[in-house]
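Please read the points below with the model open.

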Amino acid sequence: MKADAPGAVLKRERVRDFILDLVESHRPGDAIPSERSLCARLGVSRPTLRAAVDELVAAGLLVREHGRGMFVAPEKITQELVSGQQAMTVPQASGTWSSRLLEFTTIPAGARVGRKLRLSPAAEIVYVARLRQVDGAPMAIEHLHIRADLVPTLSAQELEAGDLYEHLREQHGVHVQEAVQAIEPTVVTRAEAELLDVPELSPALLFERLTSDTTGQPVEYVHSIYRGDRYRIVSRLTLGPSAAVSPARLGHHPGIPPGDFAHRDTIASSTRGDIQSAP
């Protein structure tokens, strides 16, 4: 099955979300069902399931023990770089950013995404997978989960051209204000490697972001895989009030396409990013 075949990205995404839900509902060291059991329960092939498990093992969320099975990995140590209360402005990333739509459909939120968006598992969300490119070269794979009730007329054209958050604001009346984002190292799967044009198991950065509007209501949950050989994170730490930054300097935030969160919206995050050219 090709990496961008219809339904392929969504199938991997649903398998990944199901296993993540198991991980989040268990304690470190707890066993999770066997691959055979999970294949039967989810109705997927062994290679599809194993690819999702491999990804979570590489991300440090699952542990395989030969002859014993799979277990929830020990909790990770979290280091906060700056206070989450500090408003941040963002530097402009180099290059021209564009998107190629991989999947665009409406599906039930499910347990895990429903919790993040404060929705019933049966509530509908718009699921989007898109390949982010810089100057025509693949840079990242984004998986967007947007509340369907907020964007009943969202179109494919809006997801491939222009600023998504500008479209949300101007076309759908959704005013995004805050995002809480986490970043972790990972490696790319075979399917991700094919899309990003890198070798399988190449280093990558995993971004997870929950975006809220001006009322505090969750709007979207996004997780993205960025190429590790082309993307880097730079942290800027301040000990006092920062000087005002002109609107012209607002730009790309890691995991967020250039231009998003423009118009002086606040980003609650602890990192900044830019593009680092490959050697």
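The numbered points start with the basis of the model and then go through its parts.

1. Basis. This is a predicted model, in which local features need pLDDT of at least 70, side-chain atom pairs count only at pLDDT 80 or more, and totals for chains, interfaces and linings use all residues. Residues are numbered from 1 along each chain as its sequence is written, and side-chain values use heavy atoms, with hydrogens and water left out.

2. Helices (H or I, at least four residues) and strands (E, at least two) are DSSP runs, numbered from the N terminus.

3. Ile125. Beyond four places in sequence, the contacts (heavy atoms within 4.5 Å) of Ile125 include Thr105, Ile107, Val113, Leu117, His145 and Ile146.

4. Arg16. This residue lies in helix α1 and counts as buried at 5% relative accessibility; buried means under 20% relative accessible area, exposed over 50%, partly exposed in between (1.4 Å probe, protein chains only). Residues touched by Arg16, apart from those up to four places away in sequence, are Ala52, Glu55, Leu56, Arg112, Leu206 and His223.

5. Sheet. Three strands form an open sheet in the order β1-β3-β2, with antiparallel pairing; two strands pair if DSSP finds at least two bridges between them. The edge strands, each pairing on one side only, are β1 (31-32) and β2 (62-65). Between β1 and β3 (residues 69-72) there are two bridges, and Ile32 stands opposite Met70 in β3.

6. Aromatic rings. The whole structure holds four aromatic pairs, counted for rings of Phe, Tyr and Trp (its six-membered ring) with centres within 6.5 Å; planes under 30 degrees apart are stacked, over 60 edge-to-face and the rest tilted. Trp97 and Tyr226 make a tilted pair, 6.5 Å centre to centre with 45° between the planes. This pair links strand β4, which holds Trp97, to strand β9, which holds Tyr226, 129 residues apart. Tyr226 also pairs with Tyr231, with centres 4.5 Å apart and planes at 55°, so this pair is tilted. Trp97, Phe207, Tyr226 and Tyr231 form one aromatic cluster. Relative accessible area is 14% for Trp97, 0% for Tyr226 and 3% for Tyr231.
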